[in-house]
Amino acid sequence: RKTDRASRLERKKQEKDKEEDESKEEDSCSQQNRASRKKNHQQKNSDGKKAGEEGSRQRERGKKAPTKDQKESENKEKKTNKKEKEGDDKQKTDRKNSTTSSSNSSDEESLSEEELAMLMEQVEQKKKLIATMRNKPWRMMKKLSVLREAQAFVEKFEGALGKGKGKKLYAYKMMMAKKWVKFKRDFDNFKTQCIPWEMKIKEVESHFGSSVASYFIFLRWMYGVNLVLFGLIFGLVIIPEILMGMPYGSMPRKTVPRAEQATAMDFSVLWDFEGYIKYSALFYGYYNNQRTIGWLKYRLPMAYFMVGISVFGYSLMVVIRSMARNANESTADGDDDNFIFSWKMFTSWDYLIGNPETADNKFASITTSFKESIVDEQESNKDENIHLRRFLRVLANVLIICCLCGSGYLIYFVVKRSQTFSKMQNVGWYERNEVEIVMSLLGMFCPPLFETIAALENYHPRIGLKWQLGRIFALFLGNLYTFLLALMDDVNEKLAEEDVVKNITHWTLISHHNSSVGNGSTATPPPLDPADVPRGPCWETTVGIEIVRLTVSDILVTYITILVGDFIRACFVRFMNYCWCWDLEAGFPSYAEFDISGNVLGLIFNQGMIWMGSFYAPGLVGINVLRLLTSMYFQCWAVMSSNVPHARVFKASKSNNFYMGLLLLILFLSLLPVAYTIMSLPPSFDCGPFSGKKRMYEVIQETIELDFPLFVAKIFSYVANPGLIIPAILLMVSKYSFC
Amino acid sequence: MGNKQTIFTDEQLDAYQDCTFFTRKEILRLHGRYHEMAPNVVPMDYTKDPDVKLPMQLIINMPELKENPFRERIVESFSEDGEGSLSFNDFVDMFSVLSEMAPRELKAIYAFKIYDFNTDNFICKSDLEKTLNKLTREELTAEEITLVCEKVIEEADMDGDGKLGFADFENMISKAPDFLSTFHIRI
């Protein structure tokens with residue numbers, strides 16, 4: 001009996017505490033009000049306390065303990081009653097009400113300004129409560145009843161507030177607000193229905209935990225972004241050109257040259273993206289520089305330029321928005337040493353795990369992790385030879401820098417060689433694809449090499465992982481930029497060549513006119529067949545082709561690595577284990593673990609290449625969308641069939657913002673080459689939508705001069721002053737960083 | 001949109017959407033899951049708010065909870081009568097708090113309740129020992145357990161009363177990098 005009463009008293013005390021918390025909460029909400037409403041609040045507070053006391057007195061009399069929500073609804077009802085009374089300004093005596101604070105007119109219908117404002121404030125409070133209801137830590141029954149009360153209150157008094165001036169407008173505003181809320185809710189429902197692969201990710205999560213699944217969530221997000229980019233490019237550039245532009249074969253730039261026509265359909269030629277593919281809407285060179293096309297007068301060159309810029313703009317916006325959304329969960333330093341054991345105890349179990357085997361693994365890894373931390377704790381005064389450690393770390397860094405320089409030089413050398421190859425005849429398959437092969441091999445073998453060297457450094461695994469990621473990042477970046485530099489040499493060569501070809505074309509056309517017209521006649525000469533016109537080297541298409549080939553080879557290498565490195569390995573371990581000397585499953589090859597950071601970095605770099613290449617090869621984004629789609633299914637299958645959950649889990653980052661930050665960096669780095677070529681290189685004279693102009697951005701000037709009224713051009717010429725633009729950019733940046 | 005379902009009234013669904021982080025479709029799916037655990041007991045028609053509770057034994061055998069060492073505590077923390085039987089409201093509430101969209105503060109409140117085995121509003125040494133035993137399936141020696149529990153109290157106890165109050169717990173968990181991703185159940 002005693003324990004019964006004790007527990008009841010305890011519960012009563014808890015509930016009273018919670019009650020006070022609640023009234024304090026509502027109090028703090030309304031602290032924003034003017035001082036004149038203080039009396040009201042004091043009353044409310046005392047009401048709350050009185051109700052609490054009332055409730056406890058009731059219980060003491062032996063009645064059944066009212067449930068929390070009953071008391072709440074009692075409370076709420078009393079509050080609404082009080083407000084009703086104040087609104088009506090009736091002076092009713094009540095054991096709750098001492099005095100009302102309203103001192104104005106006693107007219108029932110017209111409310112005074114002060115009361116109106118007060119009422120509106122209370123309605124706003126209730127609305128805020130409704131909006132944040134799901135964040136409240138109450139039982140569901142209580143949430144539902146409080147919600148009902150609040151909604152009833154709001155509905156009742158919205159009508160009252162509408163009396164007086166502006167009643168119709170207010171009612172209209174309220175109705176629109178309600179419709180908007182409903183629309184947003186329906187839209188959110190619709191959006192969540194559209195999210196694909198939810199069940200697949202859940203399966204991966206329950207087998208492998210949240211860190212592996214985070215890769216697939218990232219992949220899905222990338223797929224969404226690429227889908228939007230694809231829609232932009234496809235709808236605004238490719239489709240208009242195909243539907244309304246000149247067809248294949250009508251112009252030199254759209255036709256396969258006579259010399260290549262014999263082999264243009266061969267598979268090996270198509271695989272290299274030459275032949276018919278090169279002269280199609282997938283690449284820059286196909287597009288005509290006609291200012292408007294079709295009966296819609298669609299300005300294609302302008303559209304091409306604007307879409308190119310908006311690809312970067314949209315990606316930037318989406319990445320920053322995602323980072324901002326993740327910013328709440330990003331907290332203080334994840335390497336904080338202050339809470340090691342506490343975090344191990346309370347955050348190491350992954351609630352997503354639903355598979356018995358994974359759970360066993362998890363229990364084992366948690367136990368191991370505790371034991372290690374205990375050992376570390378007990379030996380925290382270990383004597384360490386600092387000098388040796390420092391020497392080894394410096395040595396490791398030197399070795400790695402050598403590797404990076406070596407790989408950079410190798411790529412430069414190979415790209416130079418491929419240029420000489422392209423001038424030769426009879427090149428074998430290897431010579432044609434040497435660059436891509438070398439880059440992929442470097443990307444495959446250098447990271448494990450770095451890991452072996454890093455064993456010298458003896459860092460804590462989390463820090464070691466960060467160094468490893470940083471080095472892989474430097475490797476990929478270095479490779480990409482070396483590749484680009486070598487490509488730039490190529491481009492400059494082509495530009496020089498262009499002048500020569502321009503002359504040749506000019507003289508060829510003249511000689512053709514002369515020969516076909518004969519002497520003296522003034523008839524118009526038959527046009528030269530487009531396949532015979534001598535062509536300029538068209539460097540943009542070349543750049544586009546190179547990047548597309550690199551992307552495709554990267555895709556292939558990734559898939560083959562997964563197939564061989566994971567699947568074949570798993571088959572080997574499973575089936576050969578019966579007849580092998582040592583235990584394959586526990587010993588050397590064993591099953592592979594899913595390499596999260598490697599895969600995420602691969603995805604990020606792939607996206608960087610897409611951003612770089614999409615201006616010169618509009619079809620590239622379509623290829624990427626296909627790649628991401630197949631990747632999702634392929635990698636899900638590979639993970640479920642051939643991988644085992646991690647023995648130890650070390651997340652590289654505190655939050656997803658680490659990878660988002662990398663993505664942002666890559667976005668800027670891939671914007672640089674494109675911006676450079678747009679600003680400072682002259683476009684080819686005979687291919688692409690900007691042919692004939694001195695610089696690509698001149699298309700904007702042209703559009704403004706010809707399509708907009710005169711004063712707009714004047715305004716733009718004033719606004720385009722650097723003195724105005726720089727402060728404007730700084731202002732926008734500072735505004736964004738403060739919000 | 002399509003009002004073909006007769007399980008809930010529209011007002012009920014709207015209220016659920018306001019009180020949880022779920023969309024309409026997810027709430028209906030949750031009802032399906034709740035129903036299939038005990039098809040004879042759980043009615044298909046919830047428009048009259050029937051008073052049906054499912055016992056703890058059924059809930060902790062759900063695939064999402066089956067392997068979780070804290071499954072009994074989770075269910076107890078969300079059950080209204082403290083015994084572990086969940087009505088549909090509590091069921092929805094539980095998965096709403098454990099879903100991806102719930103904010104850190106809300107999750108911290110319930111995490112505290114879950115790890116507080118003796119429900120005295122403090123995580124004391126015996127609670128820590130029980131948590132540790134569940135996490136390691138009792139593979140640690142008694143010495144190691146004592147050491148770990150003492151370390152935890154040393155790290156997180158700010159007010160020096162030898163046990164973790166909610167403020168201590170929240171202070172510690174708000175800085176944890178993995179909390180949001182591990183304290184998450186997808187349904």
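Guide: Let's start with buried area: that's the accessible area (1.4 Å probe) that two parts lose on being put together, summed over both. This is a predicted model: local features need pLDDT of at least 70, side-chain atom pairs count only at pLDDT 80 or more, and totals for chains, interfaces and linings use all residues. Residues are numbered from 1 along each chain as its sequence is written, chains are lettered from A and ligands numbered from 1 in the order in which they are written, and side-chain values use heavy atoms, with hydrogens and water left out.

Visitor: What is the area buried between domain 1 of chain B and domain 2 of chain B?

Guide: An automatic or database assignment sets the domain bounds, and for chain B it gives domain 1 (10–98) and domain 2 (104–182). Their C-alpha centres lie 27 Å apart. Carbon and sulfur atoms give 72% of the buried area, which comes to about 1,100 Å².

Visitor: Which residues in domain 1 of chain B lose the most area to domain 2 of chain B?

Guide: Three residues stand out, together giving 58% of what that side buries. They are B:Phe70, B:Arg73 and B:Val97.

Visitor: And which element gives the largest share of the side of domain 1 of chain B that touches domain 2 of chain B?

Guide: Helices here are DSSP runs of H or I, at least four residues long, and strands are E runs of at least two, numbered from the N terminus. Both α4 (71–78) and α5 (88–97) of chain B supply at least two residues of that side of domain 1. With 5 residues, the largest share comes from α4(B).

Visitor: Is B:Val75 buried or exposed?

Guide: B:Val75 is in helix α4 of chain B. Leaving aside neighbours within four places in sequence, B:Val75 is in contact (heavy atoms within 4.5 Å) with residues including B:Met56, B:Ile59 and B:Leu86. Its relative accessible area is 0%, so B:Val75 is buried.

Visitor: What is the area buried between chain A and chain B?

Guide: The contact takes 63 residues from chain A and 74 residues from chain B. Carbon and sulfur atoms give 59% of the buried area, and the total is about 6,200 Å².

Visitor: How many salt bridges cross the interface of chain A and chain B?

Guide: Side chains of opposite charge can pair when their charged atoms come close. One such pair is B:Arg137 with A:Asp360, at 3.1 Å, N to O. Across the interface of chain A and chain B, the count is 7.

Visitor: Which residue of chain A meets B:Glu64 in a salt bridge?

Guide: The N to O distance for this pair is 2.7 Å. The pair runs from B:Glu64, in the loop between α3 (56–59) and α4 of chain B, to a residue in helix α7 of chain A. B:Glu64 is buried, at 8% relative accessible area, and its partner is A:Lys202.

Visitor: Which residues are linked with A:Glu198 in a network of salt bridges?

Guide: A:Glu198 is partly exposed, with a relative accessible area of 29%. A:Arg220 forms a salt bridge with A:Glu198, the closest N and O atoms being 3.1 Å apart. A:Arg220 lies in helix α8 of chain A and A:Glu198 in helix α7, 22 residues apart. In the network, A:Glu198 is linked with A:Glu205, A:Arg220 and B:Arg186.

Notes:
A salt bridge is a side-chain nitrogen of Lys or Arg within 4 Å of a carboxyl oxygen of Asp or Glu. Buried means under 20% relative accessible area, exposed over 50%, partly exposed in between (1.4 Å probe, protein chains only).
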